[in-house]
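Here is a quick tour for someone meeting this structure for the first time. Have a look at the sequence and the model, then read on.

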Amino acid sequence: MNDTFTYFQKKGCTVFSFPGKTRVLSTSPLNGGITAHLTHALNINCMNGAYECEMLGNTYEEDLNIHTKELGIDPQTATALSTAAWTELCAVETAVTGGIDSNGMCPGDPSSYYERNGAYEMLPPGTINVFIYINQNVTEAAMVRSMMIASEAKAAAVSHLLLGSCYSEEIATGSGTDGMVIASAMEGELTLTDASGHSKLGELIGRAVRMAVKHALMKQTAACGPRQFQVLVRTGRYGITPGTLWDFYTEHEILFHAYNISFKKASELEGILLSRNRNSNLVLCVSLYLHLMDQLRWGLIMEPEAVREGKRLLLYGLYCGRDTYLGDVYPEDVWKNEVLKAFSLKEQLIYILICYFSVRS
């Protein structure tokens with residue numbers, strides 16, 4: 001992977017030009033599949049200067065065709081992907097644009113549209129487009145293998161950031177509209193037949209895509225370690241927000257009042273949560289607890305053990321100052337009340353967090 005192709009920005013789009021005869025594997029409806037006659041690959045910003053994507057044609061292929069013509073390129077010799085991300089913020093290890101805050105998903109999530117006779121409903125903006133250029137000849141089988149390893153690398157980069165799906169409680173692996181173009185120089189000195197994870201080509205693709213996706217997400221949406229190091233970011237995919245904490249508190253207000261746990265209004269509880277949103281002890285404890293919830297959903301652990309160990313984790317992990325932990329602050333009945341036995345793992349987390357936020361540290 002190299003610098004023998006060229007690319008430039010035009011009308012908010014990125015245009016890649018191939019230097020010679022090139023084999024291309026593309027997920028695009030415009031000259032998608034494996035081809036050997038293309039001269040360009042395009043990363044098109046579908047926003048058209050607006051705040052939401054608007055199709056310029058009746059189908060996705062027609063839309064790409066129109067955009068390609070507007071860029072002065074023959075659609076017969078180009079393949080294209082579109083994105084709502086700013087293409088100017090692409091990361092060039094190879095070139096990747098990324099942004100999935102509004103469209104992150106994990107395979108198997110509930111669908112957002114269905115297709116009938118080429119017509120379908122638009123998804124929310126948010127796409128990771130990956131473009132890879134290999135300066136050697138790669139066989140068709142190895143091209144397909146390259147796309148596999150690149151897809152795995154993209155999923156790894158997204159999951160390493162713990163970006164949540166917008167459609168389920170899962171950790172995202174990408175967005176529902178991701179696309180990929182892999183191009184190889186057919187006149188290269190070498191012919192490469194293997195792009196598995198054990199090969200040097202596979203290693204280079206995996207490393208470049210992983211680094212570029214993380215870089216692009218950081219440039220596009222500030223997705224990085226510091227942004228993700230927040231309680232509300234970690235709990236977001238489980239729908240745990242200041243609002244849901246307040247709803248739970250009002251639903252079980254009698255129980256909380258029995259232990260002198262009281263909040264006068266929602267803004268009071270929210271203010272305390274926000275003041276501790278980046279508290280490292282709280283973020284770490286909640287993150288570990290959420291992993292128990294993940295493993296329970298995946299069928300890797302049993303619920304009784306998860307509830308027991310989750311409670312232990314929080315009661316003796318959440319620090320309340322002066323060498324005191326949450327389990328030491330309240331009488332034992334707070335944690336052994338009969339009502340709690342009916343709580344799910346998620347409800348137990350909310351209950352303990354409300355108790356923790358009532359401790360004025």
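At 37% relative accessibility, A222 counts as partly exposed (buried means under 20% relative accessible area, exposed over 50%, and partly exposed in between, with a 1.4 Å probe and protein chains only). You'll find A222 in the loop between α3 and α4 (225-228); helices here are DSSP runs of H or I with at least four residues, strands are runs of E with at least two, and both are numbered from the N terminus. A222 isn't a glycine, yet its phi is positive, at about 65°.

N260 has a positive phi too, about 60°, and is not a glycine either. Its place is the loop between α7 (253-257) and α8 (266-275), and with 73% relative accessibility N260 counts as exposed.

## What you're looking at

This is a predicted model, in which local features need pLDDT of at least 70 and side-chain atom pairs count only at pLDDT 80 or more, while totals for chains, interfaces and linings use all residues. Residues are numbered from 1 along each chain as its sequence is written, and side-chain values use heavy atoms, with hydrogens and water left out.

Side chains of opposite charge can pair when their charged atoms come close. The rule used here asks for a side-chain nitrogen of Lys or Arg within 4 Å of a carboxyl oxygen of Asp or Glu, and by that rule the count is ten salt bridges.

Take E203, which pairs with K200 at 2.8 Å between the closest N and O atoms. Both sit in helix α3 (residues 200-221), three residues apart, or about one turn of the helix. K200 is exposed at 53% relative accessibility, while E203 is partly exposed at 27%. E203 also forms a salt bridge with R207, where the closest N and O atoms are 2.3 Å apart. R207 and E203 are four residues apart in helix α3, so about one helical turn separates them. R207 itself is partly exposed, with 41% relative accessibility.

Another salt bridge joins the side chains of R297 and D294, at 3.1 Å from N to O. These two are three residues apart in helix α9 (residues 280-297), so they too are separated by about one helical turn. Is D294 buried or exposed? D294 counts as buried, at 2% relative accessibility, whereas R297 is partly exposed at 29%. Through shared partners, salt bridges link E170, R237, D294 and R297 into one network.

Now look at Y238, in the loop between α5 (231-235) and α6 (242-251). Y238 is buried, with a relative accessible area of 4%. Along the chain, Y238 and D294 are 56 residues apart, but their C-alpha atoms are separated by 10.0 Å.

## The second largest pocket

Next up is a pocket, found on a 1 Å grid over the protein atoms alone: an open set of points where a 1.4 Å probe fits, with protein on both sides within 12 Å along at least five of seven lines, and with lining residues having an atom within 4 Å of a point.

Which residues line the second largest pocket? They are V307, R308, K311, R312, L315, Y316, G327, Y330, E332, W335 and K336. Helices α10 (303-315) and α12 (333-336) each give at least two residues to this lining, and α10 has the largest share, with five. By class, the lining has five nonpolar, one polar and five charged residues (Ala, Val, Leu, Ile, Met, Phe, Trp, Tyr, Cys and Pro count as nonpolar, Asp, Glu, Lys and Arg as charged, and the others, Gly among them, as polar).

## A nonpolar patch, and a loop

On the surface, I34, V144 and M148 make up a nonpolar patch with about 230 Å² of accessible area together. Patch residues have over 30% relative accessible area and no salt bridge, with nonpolar side chains (Val, Leu, Ile, Met, Phe, Trp, Tyr) joined within 5 Å and like charges within 9 Å; areas come from the Shrake-Rupley method with a 1.4 Å probe, and for residues only the protein chains shown count as cover. V144 belongs to helix α2 (residues 140-160) and is partly exposed, at 40% relative accessible area.

Last stop: D74, in the loop between α1 (60-70) and β6 (78-83). D74 is partly exposed, with a relative accessible area of 40%. D74 and T39 are 35 residues apart in sequence, and 9.3 Å apart in space from C-alpha to C-alpha.
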